[in-house]
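Visitor: I should like to learn how to read the features of a protein model. May we look at one together?

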Amino acid sequence: MTDFKDRERAEEAKFAMDEETAFKVAARRNRLLGEWAAGLMNLTEEETDAYKKAVVQADFEEAGDEDVIRKLLGDLTAAECDVSEDDIRAKLEEKSIEAKRQFMSES
């Protein structure tokens with residue numbers, strides 16, 4: 001019985017660690033996306049820092065990436081940047097890979 005409990009605890013710990021890693025990678029990806037979008041909108045350094053935080057916060061509105069895509073598309077459209085939803089989705093994939101690489105190199 002002890003082996004089963006030990007295995008169960010190990011699985012729970014692994015799950016928690018995987019969830020934490022996924023959260024950190026997503027937050028990093030969102031900061032990278034915010035930095036990219038801020039560059040397109042010609043924001044100042046201070047505005048860029050605030051915008052990156054706003055993009056991270058936008059991801060808490062609902063599950064999935066649609067809330068982030070919606071925010072970026074709305075902000076970039078309002079700033080009259082010529083960017084489509086497909087462009088944003090492609091950049092999201094690119095920044096996901098970059099965020100994972102950065103996270104893994106730090107670990």
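**Reading helices and their packing**

Guide: Let us begin with a pair of helices: the crossing of α1 and α2 is right-handed. Please keep in mind that this is a predicted model.

Visitor: How are two packed helices described in general, and what are the distance and the angle for the axes of α1 and α2?

Guide: Two packed helices are described by the angle between their axes and by the distance between those axes. Here, the axes of α1 and α2 come within 8 Å and cross at roughly 135°. That angle makes α1 oblique to α2.

Visitor: Which residues of α1 and α2 meet?

Guide: From α1, the residues are A27, N30, R31, G34, E35, A37 and A38. They meet T48, Y51, K52, V55 and V56 of α2.

Visitor: Let us stay with α2. How many residues does α2 have, and how far does α2 reach?

Guide: Helix α2 covers residues 45–58, which is 14 residues. From its first C-alpha to its last, α2 reaches 20 Å, close to the 20 Å expected at 1.5 Å a residue.

Visitor: Which residues of α2 are buried?

Guide: A residue counts as buried when its relative accessible area is under 20%, and as exposed when that area is over 50%. In α2, the buried residues are T48, Y51, K52, V55, V56 and A58. Seen down the axis of α2, these buried residues fall within an arc of 160°, so they line one face of the helix.

Visitor: What lies on the other side of α2, and against what do the buried residues of α2 pack?

Guide: On the other side of α2, the residues E46, K53 and Q57 are exposed. The buried residues of α2 pack against α1, which runs over residues 2–40, and against α3, residues 66–78.

Visitor: May we now take single residues? Where is N30, and is N30 buried or exposed?

Guide: N30 belongs to helix α1. With a relative accessible area of 1%, N30 is buried. Leaving aside residues up to four places away in sequence, N30 touches V55, V56, D59 and V68.

Visitor: And what of R29: is R29 buried or exposed, and which residues does R29 touch?

Guide: R29 also lies in helix α1. Its relative accessibility is 6%, and R29 therefore counts as buried. Apart from residues up to four places away in sequence, R29 touches D59, D65, L92, K95, S96 and A99.

Visitor: Let us turn to α4. How does the span of α4 agree with 1.5 Å a residue?

Guide: The 22 residues of α4 should span 32 Å at 1.5 Å a residue, and the end C-alpha atoms of α4 are 31 Å apart, which agrees. Its buried residues are I88, K91, L92, K95, S96, A99 and F103. Seen down the axis of α4, they fall within an arc of 155°, so they line one face of the helix.

Visitor: What covers the buried residues of α4, and which exposed residues are on the face turned away?

Guide: The cover over the buried residues of α4 includes α1 and α3. The face turned away from the buried side carries the exposed residues D86, E93, R101, M104 and S105.

Visitor: How far apart are F103 and T21, in sequence and in space?

Guide: F103 and T21 are 82 residues apart in sequence, and 8.6 Å apart in space from C-alpha to C-alpha. F103 is in helix α4 and is buried, with a relative accessible area of 15%. Beyond residues up to four places away in sequence, F103 touches T21, K24, V25 and R28.

Visitor: How far apart are S105 and E8?

Guide: S105 and E8 are 97 residues apart in sequence and 29 Å apart in space, C-alpha to C-alpha. S105 is placed in helix α4, residues 85–106, and is exposed, with a relative accessible area of 61%.

Visitor: Finally, what is the phi of N42, and what is the phi of E80?

Guide: N42 has a positive phi of about 55° although it is not a glycine. N42 sits in the loop between α1 and α2 and is exposed, with a relative accessible area of 68%. E80, not a glycine either, has a positive phi of about 60°. E80 is in the loop between α3 and α4, and is exposed at a relative accessible area of 73%.

Note on methods. Residues are numbered from 1 along each chain as its sequence is written. This is a predicted model: local features need pLDDT of at least 70, side-chain atom pairs count only at pLDDT 80 or more; totals for chains, interfaces and linings use all residues. Side-chain values use heavy atoms; hydrogens and water are left out. Helices (H or I, at least four residues) and strands (E, at least two) are DSSP runs, numbered from the N terminus. The expected span of a helix is 1.5 Å times one less than its number of residues. Buried means under 20% relative accessible area, exposed over 50%, partly exposed in between (1.4 Å probe, protein chains only). The arc is that of the directions from the helix axis to the C-beta atoms. Contact means heavy atoms within 4.5 Å. Axes are lines fitted to C-alpha atoms, for helices over the stretch in contact, and angles run from 0 to 180 degrees between N-to-C directions. Angles under 35 degrees count as roughly parallel, over 145 as roughly antiparallel, 65 to 115 as roughly perpendicular and the rest as oblique. A crossing is left-handed if the near helix is turned anticlockwise from the far one by less than a right angle, and right-handed if clockwise.
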